[in-house]
Every structure is written in structure tokens, then in C-alpha cells.
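Reader: Could you take me through the strand arrangement of this model, step by step?

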Amino acid sequence: MKRISLTQYLVEEQRLHNSIPAELRLLIEVVARACKTISHAVSKGALGEVLGSAGSENVQGEVQKKLDVLSNEILLEANEWGGHLAAMASEEMETIHPIPNRYPKGEYMLLFDPLDGSSNIDVNVSIGTIFSVLKAPEGMKEPSEKDFLQPGVKQVAAGYAVYGPQTVLVLTTGDGVNCFTLDREMGSWVLTQRDMQIPAETKEYAINASNARHWYPPVKRYIDELQSGDTGPRGKNFNMRWIASMVADVHRILNRGGIFMYPADAREPDKPGKLRLMYEANPMAFIVEQAGGAATNGKQRILDIQPQKLHERVAVFLGSKNEVERVTGYHNE
Ligand code: P6P
């Protein structure tokens, strides 16, 4: 494949599909640049005095790592001045972040999990950034939380970066999924995979199996069948992977198929799941569907869920279409 830069890709997409207006192109390029900066900070590890906890908690009550806070600041500063955004929202901030009055405002709203997989930061396992782009409601004056509460089908773009052996950026604007690899010598994002497709069939599943005793019957049934292998009802053996960084598990699935699950369970019956809808499940569901996969909360398509709160959680079953449809079918029996 001819190697082209992210900028050339975005310009050509606009020329071909008219799907990336200049302000959206600026947004994507600015977020991509911020991910380069985060990748640089993450790769320093202990040398950068950025490991360990920041001595604070986020809105989820989770201990914030220094890199969580730093990554959040990098994304805020990168996006404030461009005139492309009306507001931002982040896993690391309780309330939305309006664009300061000293800057012009735009028609887009950016949501992100600045550094996902925090439990892996200090032990050198792949982590990443997840982002989602919505349009501001028509006629919106002062942005408020309710302006963000749009179902995932309203996203105009979504992407993630994985800070791993390679630093990659995976992006969709609604015309398929493309992957860019960071060329560290040139400091540029280079298109390395076009139109990624998730195989409908798979032999690999991802779930935190330590929660097995808390799972509800549909999940128990589905996992038992996978673990029964070729002597069981599925008639084939399955493999398991769990990286505990959603971005890394999803990237594996985009490349070789699989199903990723974080179900609700009996530990907290009124908690619908661990992952957040607005800036984890929705962007990943958009990407997975654009790559020919499926994404549900066990009952319904994630992208159809009408959010009620900015930081609400949701159960997640996503990846190879046939597996997601099977386990969703068990929930709906
Ligand atoms: P557990 C990381 O904290 C995260 O939000 C996802 O990236 C990951 O898939 C999940 O939580 C891991 O959860 O309970 O296995 O630690």
C-alpha cells in the first residue's frame, strides 16, 4: 500500500465523500497530535516522573494516575484554541468543559477517556486514548451536559490510540475503519491499514473470568459453551485473552476477530456494567460496526441507547458479529 499521511487521507476522504469538513479535519488532526504527545509521555515511564498516583480521585471514585491527569490536560489544551469545538467531556472530569470565552467556539463536541487501562500504566502493558465526536445541537447557546446526551448513532467520528509496541491510531468518520501507525522519526501518522474488517466467526473471547461466580445465566451459559470446546455444543475449541485495556482488546479483535465482554453482574445489581457509555462503549461500538462487527449491551444495540447521564455505565458485548448475536440472543430468550 502506498504510504500516505493522516492529513493526506483526511483531505482525500473529504474530496471523495465530502464527509470531513475542514473543522472536523482540524479536530481529528489536533486529537491525533495530542495522542502523539501522550504517547511520548507514556513511553518515558519512570524516567519521566509520571508513574504512580496523582493523589486524587476521578468522578468514578477511581484513584487518578499522574498520566491520567496529564493526558487529560494534553487533550484539553490541544483542543481549546482551534475554534472547532463548543465543549469537551472527559472520564477524568465531573462536569463538561466549555471552551474558554477567549477562544471562538465551533459546532463539534469532543468526549474522551484520555488514558484507558490505568491499572496497566505502571506495569508497562498497552494503554490508550478513546475519543468520540458529536455535533452540538442546532441553536445551542451555552453547552450543558444534556447537549452531550445523544445516542451513539449521532457520532460523526470516533477513534482510539494504542500506546503499545507500536503507537497506532484507529479512526472512523462513518466510511469504514482505518489504522495509522506513528512514524516516530518523522513524527507523523502514516496510513498502514485500510478498511479494517472483523471476521464474523472467531475462536477467541475476552472477559475477566475472575467474575464468573457473579455472572447472570445468559453469560454463564455462553461462556460454559465456549469452555466446553469441541466436545460441547459449539463443536470447536476457543482461546481466551484479557488485557484489561479495552483499547488493546478491541484492537486485537479488529485485526483477528473475537468477542469482548464486560457484562453486568450480581456484585452490584443496579450497576449496568463497568464501562462508560459516552466515551468508551459508544466510540468502540461505532468503530466495531463500521468494521462489520456488532456491539450490544446484551439486550440492544449500544449505538441506539439514549444516554441519561454523562458518566453512565453500560454492559458491553462487542466484536465478531455471529458471537455477539448469539450471546445477545441468550439474553433475549
Ligand atoms: P477489570 C480499564 O480500567 C477498563 O476501563 C477497560 O479498559 C478494561 O477493559 C476494563 O476496565 C478492565 O476491567 O475489572 O478486568 O480490571
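Reader: How many residues lie between E3 and E4 in the hairpin that they form?

Author: In this predicted model, strands E3 and E4 pair in the antiparallel sense over 2 bridges, and Ala87 stands opposite Pro98 in E4. The two strands form a hairpin, and the number of residues between them is 6.

Reader: In which sense do E3 and E5 run, parallel or antiparallel?

Author: Strand E3 is joined to E5 by 5 bridges, and Ala89 stands opposite Leu111 in E5. Whereas the pairing of E3 with E4 is antiparallel, the sense in which E3 and E5 run is parallel.

Reader: Why is E3 largely enclosed by the rest of the structure?

Author: Helix H2 (residues 22–44) packs on the sheet and touches E3 among other strands, and helix H7 (residues 277–290) lies across several strands, including E3. Burial is taken here as under 20% relative accessible area. E3 is largely enclosed because the number of its residues that are buried is 6 of the 6.

Reader: Which strands stand at the edges of the sheet?

Author: The open sheet has 8 strands with mixed pairing, in the order E4-E3-E5-E6-E7-E8-E9-E10. Each edge strand has a single partner strand, so one side of each is left without a neighbour in the sheet, and these strands are E4 (97–98) and E10 (188–193).

Reader: Over how many bridges do E6 and E7 pair?

Author: Within the pair, Ile130 stands opposite Tyr160 in E7. Strand E6 (residues 127–135) and strand E7 (residues 157–163) pair in the antiparallel sense, and the number of bridges is 7.

Definitions and conventions
Residues numbered from 1 in each chain as written. Predicted model: local features only at pLDDT ≥ 70, side-chain atom pairs only at ≥ 80, totals over all residues. Heavy atoms only, no water. Pairing = 2+ DSSP bridges. Helix = DSSP H or I, 4+ residues; strand = E, 2+ residues; numbered from the N terminus. Contact = heavy atoms within 4.5 Å. Axes fitted to C-alpha atoms, helices over the stretch in contact; angles between N-to-C directions. Buried < 20%, exposed > 50% of the residue type's maximum accessible area, 1.4 Å probe, protein only.
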